[in-house]
Amino acid sequence: MRLQTRTSLIRLAVIAVTVPLLMLAESGKASEQVPAKKVFGGIELPSRAAPAPYGFYSKGCISGAVALPTDGPTWQAMRLSRNRRWGHPQMISLLEQLAHDASEVGWPGLLVGDVSQPRGGPMMNGHASHQIGLDADIWLTPMPDRRLSAEEREDLPFTSILRKDKFLTVDSRLWTPSHARLIMLAASYPQVERVFVNPAIKKKLCDTWTGDRSLLGKVRPIYGHDAHFHVRIKCPAGSSGCKSQAAPPPGDGCDKSLAWWFTSEPWAKPKTDPKKPAPKPREIGVADLPKSCVAVLNAPSVANESEVTLGGDATPVTAYAAAQPSAAPAAADPIDVTLKDIPIPLPRPSDR
């Protein structure tokens, strides 16, 4: 009850500022006055529309999102108060398929973290990407053999797979061959474009993986990601408003681009000019996103969450993508995006 009360108060507080902000966005006033994260973070349900991602993974939104059930035969959704179980049907289908297939590689089930918000967009905290319903986080903690309570899902701590006493080193007491098999299983699906992991985990895979090493190229090192890994799928076919990411470089990625992460350069603080004050960061506004995102915000909601929740406890895993209508082709918005998820520290390779 206390968790429900706390969650309700947070959502009411966000919604209280969402309506005037959305009106401001619609009026066309300066985007600085409309923090997109507050607008998108205050919407509880997706739009009633065909599924369609707009923009880039770190700068966009999604119409017609569907929800991953909080519980499935081989998964449990975590941090429910965040309301981030939403994604494109192809993303939700992939998660259910991965959860189903995980048992074949010795993993008992998935603890699924953030996917996206009901209409995507920037979040109040936690991510730069996850904005168009094509990203999802999966914990490196195996699913327990019981159903976690809402409070446990809220409070269960992340467990880093790295040693605390040694720089970028996987803890052999925590790491198992099943971790490797699960990550490589995720990379094996053709719709998966990238799997982000901590550089130490990437190195562990480079040093020990004996399976198909061509899949290692999809596994990309990135900051953080030591307690979970991040799965990203491609823009669905026919999604003209979705901006694709460049393909990963050829090869297994176990080269100098990985070695760079084990130098001091990636972790150094950005150099600043002491004579110049640091520029004040500007909030991303609704007007900074693709123009289609205003229509997504203003679109009517579905009646309730259950109407657009796919699968469930007793439902076999199925491929929902084929059953979902594609969005009608729309003119792509001219958007200025970067292919980097994390802007700092700099410099960093451009092949992420």
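## Helix H6 and its surroundings

The buried residues of helix H6 pack against helix H5 (177–188), strand S9 (192–197), strand S10 (219–221) and helix H7 (256–259). Helices (H or I, at least four residues) and strands (E, at least two) are DSSP runs numbered from the N terminus. H6 spans residues 199–208, and its buried residues are Pro199, Ala200, Ile201, Lys202, Leu205 and Cys206. Buried stands for under 20% relative accessible area, exposed for over 50%, and partly exposed for values in between (1.4 Å probe, protein chains only).

## Basis of the model

This is a predicted model, in which local features need pLDDT of at least 70 and side-chain atom pairs count only at pLDDT 80 or more, while totals for chains, interfaces and linings use all residues. Residues are numbered from 1 along each chain as its sequence is written, and side-chain values use heavy atoms, with hydrogens and water left out.

## Overall composition

The secondary structure consists of eight helices and eleven strands. Of the 352 residues in the protein, 49% are buried. The protein exposes about 16,500 Å², of which carbon and sulfur atoms supply 58%; accessible areas come from the Shrake-Rupley method with a 1.4 Å probe, and for residues only the protein chains shown count as cover.

Contact means heavy atoms within 4.5 Å. Among contacts between residues at least 6 apart in sequence, 79% join residues at least 24 apart.

Strand S8 (residues 135–139) has five of its five residues buried. In a regular strand the side chains alternate between the two faces of the sheet. In S8, Asp135, Asp137 and Trp139 lie on one side and Ala136 and Ile138 on the other, and both faces are covered. S8 pairs with strand S11 (residues 228–233) in the antiparallel sense over five bridges, where pairing requires that DSSP finds at least two bridges between the strands. Within this pairing, Ala136 stands opposite Val231 of S11.

His230 is also in S11, and at 4% relative accessibility it counts as buried. The side chain of His230 makes a polar contact of 2.7 Å with the side chain of Asp135. A polar contact is a pair of N or O atoms within 3.5 Å; within protein, one must be able to donate a hydrogen and the other to accept it, and residues adjacent in sequence count only if both atoms are side-chain atoms. Leaving aside neighbours within four places in sequence, the contacts of His230 include Ala136, Asp137, Arg194 and His225.

## Aromatic residues

Rings of Phe, Tyr and Trp (its six-membered ring) pair if their centres lie within 6.5 Å; planes under 30 degrees apart count as stacked, over 60 as edge-to-face and the rest as tilted. The count by this rule is seven aromatic pairs. The ring centres of Trp260 and Trp261 are 5.0 Å apart with planes at 80 degrees, so this pair is edge-to-face. Both tryptophans, Trp260 and Trp261, are buried. One aromatic cluster is formed by Phe167, Tyr223, Trp260, Trp261 and Trp267.

Arg79 lies over the face of Phe158, 5.0 Å from the ring centre, and Arg232 lies over the face of Tyr57 at 4.1 Å. A charge sits over a ring if NZ of Lys or CZ of Arg is within 6 Å of the ring centre and within 35 degrees of the ring normal.
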